[in-house]
4 protein chains.
Amino acid sequence: MTRGRTPYTLGVAVIGAGRMGADHVRRLDEVVGGARVSAVVDIDGERAEAVAGRVRGCVAHTDPAAAMDAGDVDAVLVASPGPAHEEALLAALERDLPVLCEKPLTPDAAGALRVLEAETRLGHRRIQVGFMRRYDSEYQQLKALLDAGELGRTLMLHCAHRNVSTPPGFTAPMMINDSVVHEIDAARWLLDEEIAAVRVLRPTPSSAAPQGLSDPQLVLLETTGGAVVDVEVFVNCGFGYEVRCEAVGERGAARIGAAHGMSVSAGGRRGAEIAQDFLTRFRDAYDREVRAWVDATRHGRTTGPSAWDGYAAAAVCEAAVRAQATGDRTPVALGERPALYG
Amino acid sequence: MTRGRTPYTLGVAVIGAGRMGADHVRRLDEVVGGARVSAVVDIDGERAEAVAGRVRGCVAHTDPAAAMDAGDVDAVLVASPGPAHEEALLAALERDLPVLCEKPLTPDAAGALRVLEAETRLGHRRIQVGFMRRYDSEYQQLKALLDAGELGRTLMLHCAHRNVSTPPGFTAPMMINDSVVHEIDAARWLLDEEIAAVRVLRPTPSSAAPQGLSDPQLVLLETTGGAVVDVEVFVNCGFGYEVRCEAVGERGAARIGAAHGMSVSAGGRRGAEIAQDFLTRFRDAYDREVRAWVDATRHGRTTGPSAWDGYAAAAVCEAAVRAQATGDRTPVALGERPALYG
Amino acid sequence: MTRGRTPYTLGVAVIGAGRMGADHVRRLDEVVGGARVSAVVDIDGERAEAVAGRVRGCVAHTDPAAAMDAGDVDAVLVASPGPAHEEALLAALERDLPVLCEKPLTPDAAGALRVLEAETRLGHRRIQVGFMRRYDSEYQQLKALLDAGELGRTLMLHCAHRNVSTPPGFTAPMMINDSVVHEIDAARWLLDEEIAAVRVLRPTPSSAAPQGLSDPQLVLLETTGGAVVDVEVFVNCGFGYEVRCEAVGERGAARIGAAHGMSVSAGGRRGAEIAQDFLTRFRDAYDREVRAWVDATRHGRTTGPSAWDGYAAAAVCEAAVRAQATGDRTPVALGERPALYG
Amino acid sequence: MTRGRTPYTLGVAVIGAGRMGADHVRRLDEVVGGARVSAVVDIDGERAEAVAGRVRGCVAHTDPAAAMDAGDVDAVLVASPGPAHEEALLAALERDLPVLCEKPLTPDAAGALRVLEAETRLGHRRIQVGFMRRYDSEYQQLKALLDAGELGRTLMLHCAHRNVSTPPGFTAPMMINDSVVHEIDAARWLLDEEIAAVRVLRPTPSSAAPQGLSDPQLVLLETTGGAVVDVEVFVNCGFGYEVRCEAVGERGAARIGAAHGMSVSAGGRRGAEIAQDFLTRFRDAYDREVRAWVDATRHGRTTGPSAWDGYAAAAVCEAAVRAQATGDRTPVALGERPALYG
């Protein structure tokens with residue numbers, strides 16, 4: 001971190017100026033200390049200019065490599081569409097630049113494997129993948145409880161992932177790749193085991209589901225240690241954004257995602273509002289994630305979900321998408337874990 | 001109900017003087033109005049005498065048929081072990097006596113079918129099966145909500161059935177026949193559909209499970225209407241008796257079994273006690289069930305879970321026990337539903 | 001209990017055939033075992049006939065004394081309007097008949113004192129006062145917790161008593177005598193102390209309150225042991241019937257009345273229905289109260305809230321009604337407690 | 001904000017290097033974007049050096065005025081002990097510097113009035129007082145709900161403020177000045193009314209209270225609009241840090257502070273952990289408060305709780321401390337509100 005004129009404030013190039021990218025620019029500028037947005041990159045130059053223009057001294061680019069070569073760029077935040085990730089990640093690794101890469105690492109396991117191999121050749125971790133649930137305070141409480149061992153070994157996870165509705169063009173594979181991928185990473189992280197096989201059950205679709213979308217679904221994961229994870233994914237549930245997880249251990253169960261905030265008694269009912277979207281529900285988690293990345297990077301470290309985590313998630317998603325189509329129990333093919341990610 | 005000397009107080013013969021039978025004798029004697037225990041039957045004569053002796057004017061028998069023929073017996077409550085049910089039920093049907101039969105109707109689908117056929121020949125319902133969850137106030141709230149249609153069609157049920165621990169000799173089939181049978185009946189009742197197929201997933205057992213018992217398990221039911229039901233059954237969970245059910249509909253979800261009673265803040269924690277056994281959790285449901293049976297019977301009606309419900313539950317249990325052993329999706333073979341149970 | 005032709009089934013004369021009386025007749029007839037309604041009394045003879053006519057063998061009366069002298073009457077349930085209680089209670093005590101008397105014992109402390117003295121002269125308890133909260137399962141949990149001493153001495157109670165709305169003619173003193181009287185008894189029972197003084201604070205009334213009714217109010221009780229009890233009484237709250245109590249002890253706090261039953265997620269909110277009236281909220285408590293009275297009476301005992309409890313509640317209510325008018329701290333004048341109620 | 005070499009990063013002088021001051025230094029350095037700690041001031045020079053030494057380019061001072069005169073200081077955060085506030089605030093106002101002042105504004109109403117007058121003479125707001133509850137997300141939800149008017153006018157607030165235990169030397173006035181002051185400000189803010197009078201009830205103290213400390217207490221506030229606020233303050237409750245508030249309106253009630261985070265079922269109980277101190281419970285509120293101050297200040301604005309709010313809180317606290325001693329209803333003497341704080 002000795003490049004550039006502001007050694008103690010991390011200069012970040014944000015790749016991608018869409019909804020997520022613009023939100024990260026705002027976060028780095030206003031919410032998180034210790035960093036400044038030096039560059040914004042988008043293939044749509046006007047969009048890049050528009051977002052860069054909000055930050056004093058920030059330069060717009062259309063080429064990620066050019067941005068990474070700028071003198072005041074110390075680190076890269078990748079928030080472009082998934083298919084563009086691999087190229088940006090390899091460019092950052094070539095320059096030995098720290099990266100926070102929004103999930104997915106890449107849309108496919110093969111691409112993820114190439115990134116993984118590039119980082120392995122580099123010999124040290126530079127990539128943190130944006131599985132932001134690991135930074136949510138309730139997930140962190142749950143992880144701490146399981147790691148402390150008070151409930152014994154974890155035997156099952158019961159999960160639900162519900163969205164109010166889907167945008168046009170949302171497909172069944174997107175239910176896996178965009179939604180369940182979070183539960184896949186959370187399960188791997190909470191249990192500290194890999195996913196060995198996947199099944200998908202498809203109830204008769206809700207009449208609120210778009211034509212042709214089998215919504216909801218029940219995704220069943222088996223881990224290498226023999227735990228079972230069930231995930232209700234219901235992306236047109238109509239009533240709110242709900243993410244819940246219950247861990248069942250040998251001596252107890254723990255639940256997160258159930259009850260938050262203010263309770264109102266009125267009109268014959270008592271209860272609370274349900275968040276309507278993930279940016280509301282997980283806003284603090286995004287803030288904490290980026291803060292943790294900035295902090296670690298300023299201290300020369302790379303922590304958090306690794307490229308291996310990104311690769312494993314991609315491999316499980318591929319198996320789950322096949323399982324959606326066939327209805328069969330589908331094993332997950334996973335390469336050997338390099339020592340770097342031990 | 002015009003036999004005997006007390007036409008307006010129902011004279012009941014209780015078959016079986018074990019834990020459940022004795023509890024029903026106490027209930028009929030002290031808790032529920034409009035009935036009296038006229039006879040107690042047990043193959044162990046001493047046990048029958050001991051329980052009968054607690055009620056003024058109650059006679060002990062060792063032969064169910066003899067008890068049913070007594071002049072002051074208007075109705076029969078069967079609480080003997082499952083294998084003895086079929087004979088008692090057929091004897092009651094022969095005499096056209098109303099019966100409340102503790103679950104299971106019979107331990108096997110074939111026996112249940114014979115009972116069903118006998119009642120069908122009789123031409124009117126006389127049997128109520130003791131699926132007491134239908135009389136629990138929370139299940140009744142849930143049923144009313146689903147029937148009202150406010151949540152749209154029900155797509156999934158997420159259930160958990162947890163016991164503190166099992167007595168010696170408890171087997172994997174008993175997890176189905178004694179525990180999950182309640183969820184099987186509840187699912188059929190709540191959804192108003194039959195179960196079409198069963199799968200069982202078996203996580204690595206808890207170290208607290210007895211040697212050889214694969215505990216917990218995840219039972220997956222598919223209904224004829226395409227709904228999916230998952231049931232965690234965990235009979236050595238160690239921490240309490242928990243029965244939960246969440247119904248997921250097209251426009252909302254509803255949950256029962258989560259929060260009850262007093263909440264205590266002490267020692268750094270805030271929360272509630274968990275019931276330790278089913279007689280505590282479902283005491284009011286048992287009272288309501290028997291009261292409903294006495295009321296209906298005094299008015300010459302038979303209501304509640306029918307012999308068909310008992311038969312269907314037995315058929316699903318048989319499929320589930322096979323599914324436990326094979327791990328396969330196992331279809332449920334169900335005969336045609338007689339018009340009597342339309 | 002050796003009078004009459006049915007020595008083991010308690011013959012009860014119900015005094016008062018209004019809403020509460022008719023409900024108790026139904027309860028004794030259908031819900032509670034071990035009793036039958038032998039007589040129904042009301043000064044309105046037609047009303048008495050109408051209610052008595054629903055029960056086989058039950059006789060209608062207009063004179064309480066005549067009913068009590070009937071051969072098949074073993075016990076009396078007083079559910080007439082408060083001003084008629086004293087005469088009925090004294091008549092029952094003259095005949096040494098067990099009584100369950102709906103609250104209030106009498107509307108005034110002076111009348112209550114005369115009843116108390118009559119029972120004291122009789123030399124044994126015959127009266128149970130209908131403070132049914134003592135039979136609510138949550139209150140019983142709270143009482144058991146406090147008596148067990150785990151939370152140390154109880155320092156404060158925070159209570160709320162809310163009704164949807166009031167009938168025409170509801171007055172400020174009725175907020176004390178009909179509503180807060182329950183918290184007064186509950187506080188005395190939970191703390192095992194008498195109330196020493198009362199204050200009433202009156203916020204600017206809700207615009208939903210009837211003209212002239214200062215609603216809500218905050219009633220503050222001080223006990224002889226120095227505990228402080230605050231009671232929000234809000235009888236036109238508009239949204240439901242809520243009764244809550246939190247006990248704050250030296251080492252923890254416990255709360256009842258907060259969360260019940262089914263929780264529904266729909267329309268962007270998650271929560272539960274609130275009961276709309278006391279018969280819904282406390283139905284089980286009424287059943288348990290009457291059952292406990294029948295059981296005790298059949299065994300020759302008198303238990304539950306005593307005439308002393310009825311007298312003390314009346315004395316506190318009188319002080320509270322004065323405190324409503326003056327705004328001052330008002331001491332409670334209480335006679336000495338006879339040994340019979342030790 | 002045009003002084004100094006870093007016009008877009010706010011240079012802050014932190015006055016006071018104790019627990020709160022050091023925490024704010026860490027927050028400005030690591031957590032909040034857009035600011036840097038330019039100076040740390042403490043009368044204990046070694047302590048100032050120790051804290052300043054953690055931040056690159058930060059200078060230690062023992063004299064607040066000298067720090068404020070430094071070229072890279074754009075704003076002041078006052079976190080010194082209360083008695084030192086007035087001098088620091090007046091010095092900042094002389095230099096027209098924006099200030100975030102930890103509560104209390106000053107320990108006494110007279111001092112607060114002098115600060116208020118100085119700012120009034122200056123003609124524009126420069127002071128934000130650190131009532132951080134206004135930045136807690138649940139309080140903000142409650143405020144938004146009340147302001148939206150859905151519950152009608154607010155009639156009562158029921159509050160509880162509990163600490164695990166007190167440090168040595170904690171006095172009864174500190175229960176008002178350090179603890180209840182937060183409820184005083186929250187009540188004024190939520191209701192948008194001033195406090196007109198105060199009463200304090202003192203139950204028999206907990207045996208866990210230090211010798212001589214009457215703990216818990218019940219503080220009763222009346223507002224100028226006729227609302228009533230009750231506050232349980234219990235600073236040696238032993239079991240956790242709990243802050244709760246229920247607003248009772250004409251058409252409904254809303255509650256905050258009840259349920260958070262993960263729920264664990266184990267050992268026969270189901271529940272959640274209670275936070276043990278205010279830095280855990282309100283950590284996010286502190287972060288949001290300081291972020292809001294930095295943001296507003298960078299844009300040349302002063303928002304949040306004003307010097308008038310600080311003065312009014314001091315006046316209510318003075319009345320409450322007198323009410324503690326006398327037990328009487330004690331009116332609050334409040335000057336007229338300058339137009340600047342309209």
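At what angle do helix α5 and helix α10 of chain D pack, and how far apart are their axes? The legends below begin with that pair. This is a predicted model, in which local features need pLDDT of at least 70, side-chain atom pairs count only at pLDDT 80 or more, and totals for chains, interfaces and linings use all residues. Residues are numbered from 1 along each chain as its sequence is written, chains are lettered from A and ligands numbered from 1 in the order in which they are written, and side-chain values use heavy atoms, leaving out hydrogens and water.

**View 1. Helices α5 and α10 of chain D pack together.** Helix α5 (residues 109–122) and helix α10 (residues 307–326) of chain D meet at an angle of about 165°, and their axes are 8 Å apart. This makes α5(D) roughly antiparallel to α10(D) (angles over 145 degrees count as such). Here axes are lines fitted to C-alpha atoms over the stretch in contact, and angles run from 0 to 180 degrees between N-to-C directions; helices are DSSP runs (H or I) of at least four residues, strands (E) of at least two, numbered from the N terminus. From α5(D), the contact (heavy atoms within 4.5 Å) includes Leu113(D) and Leu116(D); from α10(D), it includes Trp308(D) and Tyr311(D). The residues of this contact divide into 10 nonpolar, no polar and 2 charged (Ala, Val, Leu, Ile, Met, Phe, Trp, Tyr, Cys and Pro count as nonpolar, Asp, Glu, Lys and Arg as charged, and the others, Gly among them, as polar).

**View 2. Chain B meets chain A.** Here 34 residues of chain B touch 34 residues of chain A. About 2,800 Å² is buried between them, with carbon and sulfur atoms giving 56% (buried area is the accessible area, with a 1.4 Å probe, that two parts lose on being put together, summed over both). The interface holds 4 salt bridges (a side-chain nitrogen of Lys or Arg within 4 Å of a carboxyl oxygen of Asp or Glu). Look for Glu246(B) and Arg162(A), a salt bridge whose closest N and O atoms are 3.3 Å apart.

**View 3. Chain B also meets chain C.** This contact takes 30 residues from chain B and 31 residues from chain C. The buried area is about 2,400 Å², of which carbon and sulfur atoms give 46%, and the salt bridge count is 0.

**View 4. A cis peptide bond joins Lys103(A) to Pro104(A).** Its omega is near 0°, and Pro104(A) lies in the loop between β5 (99–102) and α5 (109–122) of chain A.

Key. Parallel < 35°, antiparallel > 145°, perpendicular 65-115°, else oblique.
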